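Welcome to this guided tour. Please open the viewer and get ready to select things as we go.

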Amino acid sequence: MSVEAPAPPRTPGGGRADRPARRSRRPRGSVTGYLLLAPAGIFLLAFFVVPFYSLVATSLFDPSGSDFRGYEMTYAWGNYVDVVRDYWGPLLRAMAYGAAATAACLVLGYVLAYAIAFKAGRWKNLMLVLVIAPFFTSFLIRTLSWKLILADDGFVVNTLQVLQLLGDDGRLLATPFAVIAGLTYNFLPFMVLPLYASLDKLDPRLVEASSDLYANPVAGFFKVTWPLSLPGVVSGTLLTFIPATGDYINAELLGSTNNRVIGNVIQSQFTDANNYPVAAALSVLLSVLIVVMVLVYVRRAGTEELL
Amino acid sequence: MRWVRDNLVLLLGLAVLVYTFVPIAVVVLMSFNAPDSRLVYSFDGFTLDNWLNPCADPDLCSALGVSIRIGALATAGSTVLGTLAAFALVRHRFRGRSASNLLIFLPMATPEVVLGSSLLALFVASGLAGQLGFWTILIAHVMFCLSFVVVTVRARLAGMDDALEQAAMDLYATPAQTFWRVTFPLVLPGILAAALLSFSLSFDDFIVTNLNSGNTTTFPMYVWGVARVGIPMQVNVIGTLMFVLSIAVVIGVEVRNRRRQVPVA
């Protein structure tokens, strides 16, 4: 662009003659802000906040009601006692599977994010695209694909049997291992992307400085890299743990009836059994448990600003 | 050996990346499969039949049509609402801003099964239990895509430099001209990324949809339904197509971004 381009005329004060000066674009009139926000805000109030209120209300309905006779609001707090008594197994199992998958994702995701951030060089963008690419293929199709890979007379099981790592009638499918492996696979990008965002911002000179100060690579990692990547670790684990705990597709397709998780129960109570109060109580319980766990975890990790 | 030791992390990272592609490879392979039986699922022979007759099961293609229509409408709705909200949150200061941020964040931090059952509880309570179908699925999809759009567009907006817009204003562009000639083109990659994300979230959703679908069948619901009796190989054709198409779109967006960014940088 030409340097000699005529500069717009300015008044001596530095403002412009024809318009009121507006050097900074923010803050602007708040009315516009509200108008821009209103459509999305109202939509979320109507279809996220109000529904949750409905869910809580439904969970307190008289459990003896039905679709045909209608439900009566009796503040039946006993529903919560009942669902904990009847379904603590699937509830704990969902949390355990979610936690195990999150841990596995953290290990695999950290290696991958670290490689992309520090070792990929000019292949960085390509590798990032490759991280996301498989996940554009349907979740269900990919999970069914794992079902095929882990099948009883499949290549993987046969190999493990030849190596005697798995008994002759041992199997992978329909075991907790298959469910956790499926969850790990399906939620890996939710871990990799926040970790990468954190690691990419990390100044490699800090690691060099640590080695100048006689830290070995392991100490350098745990004293410098790991603490600085904590924000990514926290948001990655949350983004993985929350959906993994609520998911029931992996448990249903890769597990057996012994691996039913809370999501299976909620969905079947809602759509097959039409037992709305029980299903709603389970759903509220699941979200309260997750919120409590997230708050405790974030407190512990000392990164409240993330929320 | 020394080379291996020096590049150990990179090799491990590549191994993880390869692992993420294993199921895709199986999907692509199976799309050319000529199975002996629908129940026993193994590679029995090569055929192009699945590719030539993708609609051998008409239910598959009608479900696919439903998913594409819902995906397109949900993408349009959530992208417009979400982009407006992102502008509000980045460019304006007003009371209740942090509450709004929280409202946007919460749906992403809620398990899908809770989102879906909440909506179902609302629809049942409003006497719409018999009306579940296309429109209730669409509402649900706009709802859960919205937050992802806001976050994506907000990140793009927040990372933008004011200087270009100020320069436009200094050069006597009206606020409308500044917006359409400077601001909008700069934010567009973010909006496109958000739209792509929305479409894939909507197209792929099973858990929320299953709770609010009534008798309407989307593509993931079709797959879920046939998974018990053995899936037709055409499902793998669709899976392969989705993979190829999304790669093409991602590359397209990337190329476009680069072209746009060169003169600015």
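How many helices and strands are there in chain A? Select chain A and colour by secondary structure: there are twelve helices and zero strands. (Helices, H or I with at least four residues, and strands, E with at least two, are DSSP runs numbered from the N terminus.) Read along the sequence, the pattern of chain A is α-α-α-α-α-α-α-α-α-α-α-α.

Before going further, a word on how to read the picture. This is a predicted model, where local features need pLDDT of at least 70 and side-chain atom pairs count only at pLDDT 80 or more, while totals for chains, interfaces and linings use all residues. Residues are numbered from 1 along each chain as its sequence is written, chains are lettered from A and ligands numbered from 1 in the order in which they are written, and side-chain values use heavy atoms, with hydrogens and water left out.

**Stop 1: chain A as a whole**

The mean for chain A is 82, and 87% of its residues reach 70 or more. Now select residues 1-24 of chain A, where the pLDDT is below 50. Beyond near neighbours in sequence, this stretch has 20 contacts in the model; a contact means heavy atoms within 4.5 Å.

Next, show the surface of chain A. Its accessible area is about 15,600 Å², and 66% of that belongs to carbon and sulfur atoms. (Accessible areas come from the Shrake-Rupley method with a 1.4 Å probe; for residues, only the protein chains shown count as cover.) Of the 307 residues in chain A, 47% are buried. Here buried means under 20% relative accessible area, exposed means over 50%, and partly exposed is in between (1.4 Å probe, protein chains only). For a buried example, select A:Cys105, which has a relative accessible area of 0%.

**Stop 2: two loops in chain A**

Most residues other than glycine have a negative phi. Select A:Ala174, in the loop between helix 5 (155-162) and helix 6 (176-201) of chain A. What is its phi? A:Ala174 has a positive phi of about 65°, although it is not a glycine. This alanine, A:Ala174, is partly exposed, at 26% relative accessible area.

Then move to A:Tyr214, in the loop between helix 7 (204-212) and helix 8 (217-228) of chain A. Its phi is also positive, near 70°. Is A:Tyr214 buried or exposed? With a relative accessible area of 81%, A:Tyr214 is exposed.

**Stop 3: a surface patch on chain B**

Select B:Met1, B:Trp3, B:Val4, B:Leu8, B:Leu11, B:Leu12 and B:Leu14: together they form a nonpolar patch on the surface with about 700 Å² of accessible area. (Patches are made of residues with over 30% relative accessible area and no salt bridge; like charges are joined within 9 Å, nonpolar side chains, namely Val, Leu, Ile, Met, Phe, Trp and Tyr, within 5 Å. A salt bridge is a side-chain nitrogen of Lys or Arg within 4 Å of a carboxyl oxygen of Asp or Glu.) Helix 1 (2-6) and helix 2 (8-30) of chain B each give two or more residues to the patch. The largest share, four residues, comes from helix 2 of chain B. Zoom in on B:Leu12 in that helix; it is partly exposed, at 43% relative accessibility.

**Stop 4: the disulfide**

A disulfide is a covalent bond between the sulfur atoms of two cysteines. With a cut-off of 2.5 Å between the sulfur atoms, the whole structure has one disulfide over all chains. Select B:Cys55 and B:Cys61, whose sulfur atoms are 1.9 Å apart. The torsion about their S-S bond is about -90°, so the disulfide is left-handed. B:Cys55 is partly exposed, at 42% relative accessibility. Finish at B:Cys145, which is buried, with a relative accessible area of 0%.

Terms used:
pLDDT = per-residue confidence, 0-100.
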